[in-house]
Amino acid sequence: MKKVVLVTGANSGIGLALCERLLGEDPGLQLCLACRNMCRAQDARAALLASYPRAQVGLLQLDTSSVTSVLNAAKEVKLRYNQLDYLYLNAGIMPNPQFDVKAFFKGVFSRKVVNMLATGEGILTQKDSITDDGMQEIFATNLFGHFLLVRELETLLCQSGQTSQVIWTSSNNAHQSAFSLEDVQHQQGTQPYSSSKYATDLLSLALNTHLNRQGLYSSVICPGFVMTKLTYAILPAFPDFLWSLAMPIFWFIRMFTNTFTLTPYNGAEALFWLFKQKPESLDPYSKYHSLTSGLGANHIQPRKMDVDEDMSEALYEKLLELEHKVRKKEEGRNNSSLLQ
């Protein structure tokens, strides 16, 4: 049977680069681009078909910040496909990032400069907002919407005699210090992106604990420092010509740290590598990093995550409780619509 692959956030950046690489590896697979903006999704599909005219590339409307959108998208997936072999959870946001100039210049002259530039630690904060469902937007988009999608698609992912992979795009910016079980949506802090990515690492471990026996295996990757729309949004007022001037500096830094993958193609290395692995052989406690040498050679490296089973299980239970609440709310909303 042809492999079925669904990629969220597939219309640009690392997601689109992954789709190009997947079709290059297996032009016969069934690929589904799950995107919030359908105009951009159509452009992405056209670009893929220009290179692979015989490819089967479908589009799916999906906004992971919206419970209604996730549930509707999952229904559509179950109508289209009888199985789901790979679910790439790549969509993510970092809205209204704030760049701490003072912390940046202080860090430049410290021994932590490489780590600061590679992870954004200490120099990036974000201003979060609230979704129509009443959740923190970064938490909903990066984590909960994807969790709900996995829950909805378990019947396709967990099938007798088959294995499936759920693969999350995490980050070097996933820091335990930014996350709290008492505030999983990060309503009180200033690092919701970092919190959501650390929660991603925890949730991946929990999915393995609960679903490995049913054939579902979860992994997380870090794409490294990649120049994408998310990166450019960090300094929205930064003129284009300054980004152009900065690029040689980034290439120079890559001579000293292999985490500066820079291009979406390089950043997708770990995502693509996992496509070719037997999921049973993967380590649920490792994050798979895309790395690029100073001379441009790509490779991956597994690195142990700072996670433990107790905390991952506690987060999983909290997400199940929140799922129950939003489903009841959605059911009430649907019943009200029917009565009107």
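Select Trp168 and Val220 to begin: in strand E8, Val220 is the bridge partner of Trp168. The model on your screen is predicted, with local features requiring pLDDT of at least 70 and side-chain atom pairs counted only at pLDDT 80 or more, while totals for chains, interfaces and linings use all residues. Residues are numbered from 1 along each chain as its sequence is written, and side-chain values use heavy atoms, leaving out hydrogens and water.

**Stop 1: E7 and E8**

Now widen the selection to the strands themselves. E7 and E8 run parallel and are joined by six bridges. Two strands count as paired if DSSP finds at least two bridges between them. The names come from DSSP runs numbered from the N terminus: helices (H or I) have at least four residues and strands (E) at least two.

Keep E8 (residues 216-222) selected. Is this strand enclosed or open? Seven of its seven residues are buried, so E8 is largely enclosed by the rest of the structure. Buried here means under 20% relative accessible area, with exposed over 50% and partly exposed in between, using a 1.4 Å probe and protein chains only. Show the side chains: Leu216, Ser218, Val220 and Cys222 point one way, while Tyr217, Ser219 and Ile221 point the other way.

**Stop 2**

Next, step from E7 (residues 164-169) to E4, a parallel neighbour joined to E7 by four bridges.

Strand E1 (residues 4-8) comes next, pairing with E4 (residues 86-89) in the parallel sense over three bridges. Pick out two pairs here: Val5 opposite Tyr86, and Leu6 opposite Leu87.

**Stop 3: the whole sheet**

Zoom out and colour the strands. What is the order of the strands in this open sheet? The eight strands run E3-E2-E1-E4-E7-E8-E9-E10, with mixed pairing. At the edges are E3 (56-61) and E10 (298-304), each pairing on one side only. The twist averages 20 degrees from one strand to the next.

**Stop 4: H6 and its two partners**

Select H3 (residues 67-80) and H6 (residues 137-152): their axes come within 9 Å and cross at roughly 30 degrees. That makes H3 roughly parallel to H6, a word used for angles under 35 degrees. Show Val67, Val70, Leu71, Ala74 and Lys78 in H3, which meet Phe144, Gly145, Leu148, Leu149 and Glu152 in H6; contact means heavy atoms within 4.5 Å. By class, this contact of H3 with H6 has seven nonpolar, one polar and two charged residues. Nonpolar covers Ala, Val, Leu, Ile, Met, Phe, Trp, Tyr, Cys and Pro, charged covers Asp, Glu, Lys and Arg, and the others, Gly among them, are polar.

H6 and H8 pack at an angle of about 20 degrees, with their axes 8 Å apart. H6 is therefore roughly parallel to H8. On the H6 side, look for Ile138, Asn142, Leu143, Phe147 and Val150; the residues they meet in H8 include Tyr193, Leu203 and Leu207. The contact of H6 with H8 divides into nine nonpolar, three polar and one charged residue.

Key
Axes fitted to C-alpha atoms, helices over the stretch in contact; angles between N-to-C directions. Parallel < 35°, antiparallel > 145°, perpendicular 65-115°, else oblique.
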